[in-house]
Amino acid sequence: MESAVAPARQRDSWWRRHHPLLVQVAHYVVVGGLATVANAAVFLLLRTGLDTVPANVVALLVSTAVSTEANHRFTFGGGAVHRWRARVQVGGTVLFYAFYSSAVLLLLEALLEDLTPVQESLAVAAASVLAGIIRFLVLRYWVFGADEPEPGKVDAWDERA
């Protein structure tokens, strides 16, 4: 069994060494796609009991927290980051998406009558895809692509220290 795993690890390692951006983009698309589906599903679930904007904000909080951690570990290799950069990124992402997707929803409601929660969920998902490109660049070059932390700095994702 181990002999079948070793070639797969070697291929993965070769791709990571020779095409790191391509591997990161592919991983980001997978995480982003799953996060967008989760965001839309949570929004749709909450939409039955909440108004549009509160349901959107709660769904964003959940999906942003989960997708940021998944991107940290899966897309960008789980290395150490500066704590304040990670927190600014998460807070900034939630604020950006909250205002951006809420504006999309409010504009949609102003333009079209009798929207269903499913149509609203599709609008939220489409808005997330467009903004995801900007988020990838911020994550790659500012949050997780930052210089290595100074010796003695704690990994932002390890709150035990």
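Biologist: Leaving aside neighbours within four places in sequence, which residues is Ala-35 in contact with?

Modeller: Happy to start there, with the reminder that this is a predicted model. Ala-35 lies in helix α2, and it counts as buried because its relative accessibility is 17%, under the 20% cut-off. Beyond four places in sequence, the contacts of Ala-35 are Ser-63 and Ser-67.

Biologist: How far apart in space are Ala-35 and Thr-68, C-alpha to C-alpha?

Modeller: Thr-68 is one of the buried residues of α3, while Ala-35 belongs to α2. In sequence the two are 33 residues apart. From C-alpha to C-alpha, the distance is 9.5 Å.

Biologist: Which elements do the buried residues of α3 pack against?

Modeller: The buried set in α3 includes Ala-55, Asn-56, Ala-59, Leu-60 and Ser-63. As one case, Ser-63 touches Ala-35, a residue of α2. Taken together, the buried residues of α3 pack against α2, α4 (83-111) and α5.

Biologist: Is Asn-56 buried or exposed, and what does it touch?

Modeller: Asn-56 is found in helix α3. Because its relative accessibility is 0%, Asn-56 counts as buried. Not counting residues up to four places away in sequence, it touches Phe-43, Tyr-97, Ala-98, Ser-101, Ser-102, Leu-105 and Val-124.

Biologist: Which residue follows α3, and what is its phi?

Modeller: The residue after α3 is Gly-77. Its phi is positive, near 80 degrees.

Biologist: Let's turn to the largest pocket. Which element gives the largest share of its lining?

Modeller: The pocket has a volume of about 390 Å³ and is lined by 20 residues. Nearest its centre lie Tyr-28, Gly-32, Thr-36, Ser-128 and Gly-132. Two or more lining residues come from each of α2 (20-47), α3 (52-75) and α5 (117-143). The largest share, 8 residues, comes from α2.

Biologist: How many charged residues are in that lining?

Modeller: By class, the lining of the largest pocket has 9 nonpolar and 10 polar residues. The number of charged residues is 1.

Biologist: What share of the contacts with a separation of 6 or more joins residues 24 or more positions apart?

Modeller: The protein has 5 helices and 0 strands, and buried residues make up 34% of its 161 residues. Among contacts with a separation of 6 or more, residues 24 or more positions apart account for 79%.

Definitions and conventions
Residues numbered from 1 in each chain as written. Predicted model: local features only at pLDDT ≥ 70, side-chain atom pairs only at ≥ 80, totals over all residues. Heavy atoms only, no water. 1 Å grid on protein atoms, 1.4 Å probe; cavity = no way out; pocket = protein on both sides within 12 Å on 5 of 7 lines; lining within 4 Å. Points joined across faces, edges and corners; volume = space filled by probe spheres on them. Helix = DSSP H or I, 4+ residues; strand = E, 2+ residues; numbered from the N terminus. Nonpolar A, V, L, I, M, F, W, Y, C, P; charged D, E, K, R; others polar. Buried < 20%, exposed > 50% of the residue type's maximum accessible area, 1.4 Å probe, protein only. Contact = heavy atoms within 4.5 Å.
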